[in-house]
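This briefing covers charged pairs, the relation between the chains, their interface and a sheet. The sequence and structure come first.

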Number of protein chains: 2
Amino acid sequence: MAAAAKELPACPVETTLTLISDKWKVLILRDLMPGTKRFGELKKSIGSVSQKVLTAQLREMERSGLLTRTVYPEVPPRVEYTLTDLGYSLKPILDAMRNWGEAYKAQKQG
Amino acid sequence: MAAAAKELPACPVETTLTLISDKWKVLILRDLMPGTKRFGELKKSIGSVSQKVLTAQLREMERSGLLTRTVYPEVPPRVEYTLTDLGYSLKPILDAMRNWGEAYKAQKQG
DNA sequence: CTGAATCCAGTCGGATACTG
DNA sequence: CAGTATCCGACTGGATTCAG
C-alpha cells in the first residue's frame with residue numbers, strides 16, 4: 001500500500017509476487033477476469049474487504065498497468081474497472097491456482 | 001504465522017492463497033523445486049528472510065503437508081527440507097509465475 | 001455510489017541474544 | 001548449524017466518518 005513504486009527483483013517469480021502478492025489482488029484479478037465490474041460489484045464479490053483497502057489496491061494495480069479505471073461523471077457516480085491485456089495475461093496463473101485448489105479440496109475429502 | 005490452522009474457503013483460488021500467500025512461501029517452494037535443501041541453504045538462497053520467520057513458515061508448510069522436515073542427529077545438526085508430492089504439485093503455479101515474470105520484464109525493457 | 005481521511009488494533013517480521 | 005525466545009518498530013487493513 002506504500003505510495004512508492006516497488007522495485008522489480010531479479011527473479012521472475014519475485015517480480016510476479018511484487019505485483020500481485022497483496023492480500024486482495026489475486027481475488028480482484030479473479031473477479032475481473034470475466035469482464036468489467038463496478039466498484040460496488042467488486043466489493044461484494046470479494047467479500048470482507050474494506051472500502052479503503054479495496055480502493056488502495058485497485059489504485060496500485062492501475063499504476064502497475066494491470067487494470068484501467070473509468071469514471072462516469074454521473075449522479076450517483078459510477079466507476080468501472082477493467083483488466084488490461086497485461087492484467088489479463090495473468091490468467092494462466094489464476095487458472096493454475098484454481099486448478100490446484102480444486103484438486104486439493106477433492107483430495108482432502110477423499 | 002498464526003498457530004491455529006487456517007480455514008479453507010469455498011473458492012479454489014482462495015484455498016491456494018491460504019496455503020502459499022505468506023511472504024516467503026512461494027520463494028521456499030521455488031528453491032525446493034529442484035530438490036532437497038538444508039536450512040542454511042534455503043536461508044541463503046531466499047535472501048533477506050530472518051531465521052525466525054523462515055523457521056516459522058517452513059513449519060507451517062510442514063503442517064500443511066507441502067514439505068517434510070528431516071533432522072539428522074549429528075553435531076553440528078543438519079536439517080533437510082524436501083517437498084512432498086503435494087508441494088511439488090504446486091509446480092504449475094510456480095512455472096506460470098516465472099513465465100509471466102519473464103515476459104513482464106522483457107516487455108518493460110522493450 | 002465511490003472515495004478520502006482519520007483512528008487504531010492486530011500482525012508480521014526483523015534484530016538480537018542465547019541454547020544444544 | 002538449526003532453533004528458540006524476546007523485544008519492538010512498521011505496516012496492514014478494518015471501522016468510522018465525512019464529502020461530492
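In this predicted model, B:Arg78 and B:Glu74 form a salt bridge through their side chains, with N and O 2.8 Å apart. B:Glu74 is partly exposed, its relative accessible area being 37%. Salt bridges with shared partners also link A:Lys91, A:Asp95, A:Arg98 and A:Glu102 into one network. Over all chains, the structure holds 18 salt bridges.

**Salt bridges between the chains**

- The interface of chain A and chain B is crossed by two salt bridges.
- One salt bridge is made by the side chains of B:Arg30 and A:Glu14, at 3.6 Å from N to O. B:Arg30 belongs to helix H2 (residues 25-32) of chain B and A:Glu14 to helix H1 (residues 12-20) of chain A, so this pair joins two chains.
- B:Arg30 has a relative accessible area of 18% and is buried, as this value is under the 20% cut-off. A:Glu14 is partly exposed, with a relative accessible area of 24%.
- A:Arg30 forms a salt bridge with B:Glu14, and the closest N and O atoms are 3.6 Å apart. This pair too crosses between chains, from helix H2 (residues 25-32) of chain A, which holds A:Arg30, to helix H1 (residues 12-20) of chain B, which holds B:Glu14.
- A:Arg30 is buried at a relative accessible area of 19%, while B:Glu14 is partly exposed at 25%.

**Relation between the copies**

- Chain A is superposed on chain B by a rotation of 180° with 0.0 Å of shift along the axis, and the RMSD is 0.0 Å. The two copies are therefore related as by a two-fold rotation axis.
- Within chain A, A:Ile93 has the C-alpha nearest the axis, at 2.9 Å from it.
- Of the interface residues of chain A, 100% are interface residues in chain B as well, so the copies meet through the same surface.

**Interface area and contacts**

- What is the size of an interface often given as? It is often given as the accessible area that is lost when the parts come together.
- Between them, chain A and chain B bury about 2800 Å², and 76% of this area is on carbon and sulfur atoms.
- A:Val13, A:Met97 and A:Trp100 supply 24% of the area that chain A buries against chain B, which is more than any other three residues supply.
- In terms of contacts, 31 residues of chain A touch 31 residues of chain B.

**Sheet of chain A**

- Chain A has an open sheet of three strands in the order E1-E3-E2, and the pairing is antiparallel.
- The edges are taken by strand E1 (37-38) and strand E2 (67-72) of chain A; each has a single partner strand, so one side of each has no neighbour in the sheet.
- E1(A) is joined by two bridges to strand E3 (residues 78-83) of chain A, and these strands run antiparallel.
- Which residue of E3(A) does A:Arg38 stand opposite? The residue opposite A:Arg38 is A:Glu80.
- H2(A) lies across E1, E2 and E3 of chain A and runs at about 90° to E3(A). Helix H2 of chain A is also the one that holds A:Arg30, part of a pair that crosses between chains.

Definitions and conventions. Residues are numbered from 1 along each chain as its sequence is written. Chains are lettered from A and ligands numbered from 1 in the order in which they are written. This is a predicted model: local features need pLDDT of at least 70, side-chain atom pairs count only at pLDDT 80 or more; totals for chains, interfaces and linings use all residues. Side-chain values use heavy atoms; hydrogens and water are left out. A salt bridge is a side-chain nitrogen of Lys or Arg within 4 Å of a carboxyl oxygen of Asp or Glu. Helices (H or I, at least four residues) and strands (E, at least two) are DSSP runs, numbered from the N terminus. Buried means under 20% relative accessible area, exposed over 50%, partly exposed in between (1.4 Å probe, protein chains only). Copies are superposed by least squares on the C-alpha atoms of residues with pLDDT of at least 70 in both. Contact means heavy atoms within 4.5 Å. Two strands pair if DSSP finds at least two bridges between them. Axes are lines fitted to C-alpha atoms, for helices over the stretch in contact, and angles run from 0 to 180 degrees between N-to-C directions. Buried area is the accessible area (1.4 Å probe) that two parts lose on being put together, summed over both.
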